[in-house]
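Hi,

Here is the structure I promised to pass on.

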Amino acid sequence: MAATSRRCELCVAEQALDLAALFGLDERVAVVTGASGALGAAMAEGLAAAGARVVVIARRSEGLRAVAARLERRGADPLALQADVLRPDDLRAARDAVVERWGRVDILVNAAGGNVPAATLADGQGVFDLQVEAFRDVVELNLTGTLLPSQVFGEAIAAGDERRGCIVNVSSMAAQRALTRVGGYGAAKAAVEGLTRWLAVELARRHGPELRVNAIAPGFFIGKQNRRLVVGEDGTPTERGRAIIERTPAGRFGDAHELVATLVWLCGPGAAFVNGVVVNVDGGFGAFGGV
């Protein structure tokens, strides 16, 4: 009996050293919302590189076609579906298309979101100038735009035979540190982190611990939505951009592909005991007090 137990321990140790077993996503079906954005596109590429069958979802067809073409050039065979994360009917139609093609959903990455221009205070504006409707819009986009796909695609993940699936939400350092001018966005992302923990608990309790929910909180990455705030037309940092870099120990903005390793880890078997956490990928921004 002791010898058998020892052999089992060795098997577990050998499996722990098998990187493919820990991080490989072969044949897994991964859905990425907001896939036309800089972060969503990089995440989709990373999942495909790890072996997943990737479904890219975006609201606008032009951006969707562009990211699908990028994946195809890398040898992937993506399924590109146009859908609005705030429209349940769109999401259900997309889910049915995924299940029809590949029979299941294993991974959902909620990368749709971002700020709303009207919810960003201009120079000289303060709290009393924030438009309530714009505040509602940014909360709706980020919070409801995370909840609805989690309900629709999460139901398909829970229904799978293996039920070893996961949801990865996208938060922001704005959820954890107060940033000037973007209070609505920070509040929305803080709500996403709370939702992440609640989903993790409820789904594990009701559908089994193999269904996990975590989040990634990126630091400062340049995308279409924040470019005008952090870099000028010549590509050099604005005053705000310089302040960000000064408070980021890495001394630079992040590159979207630097999120991939964290994402693949959270989606893979090696993170089977990781649930309800928010992982910062921020170059040390959240650790620095500015002094």
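Let me start with Val230, which counts as buried because its relative accessibility is 3% (buried means under 20% relative accessible area, exposed over 50%, partly exposed in between, with a 1.4 Å probe and protein chains only). Before I go on: this is a predicted model, where local features need pLDDT of at least 70, side-chain atom pairs count only at pLDDT 80 or more, and totals for chains, interfaces and linings use all residues. Residues are numbered from 1 along each chain as its sequence is written, and side-chain values use heavy atoms, with hydrogens and water left out.

Back to Val230: you'll find this residue in helix α8, residues 227–230 (helices are DSSP runs of H or I with at least four residues, strands are E runs of at least two, numbered from the N terminus). Leaving aside residues up to four places away in sequence, Val230 touches Ile222, Thr236, Pro237, Thr238, Gly241, Ile244 and Phe253, a contact being heavy atoms within 4.5 Å. Asn110 is 120 residues from Val230 in sequence, and their C-alpha atoms are 24 Å apart.

Now the whole chain. The protein chain has 10 helices and seven strands, and 45% of its 291 residues are buried. Of the contacts with a separation of 6 or more, 71% are between residues 24 or more positions apart. Along the principal axes, the C-alpha atoms fill a box of roughly 75 × 45 × 40 Å.

Cheers
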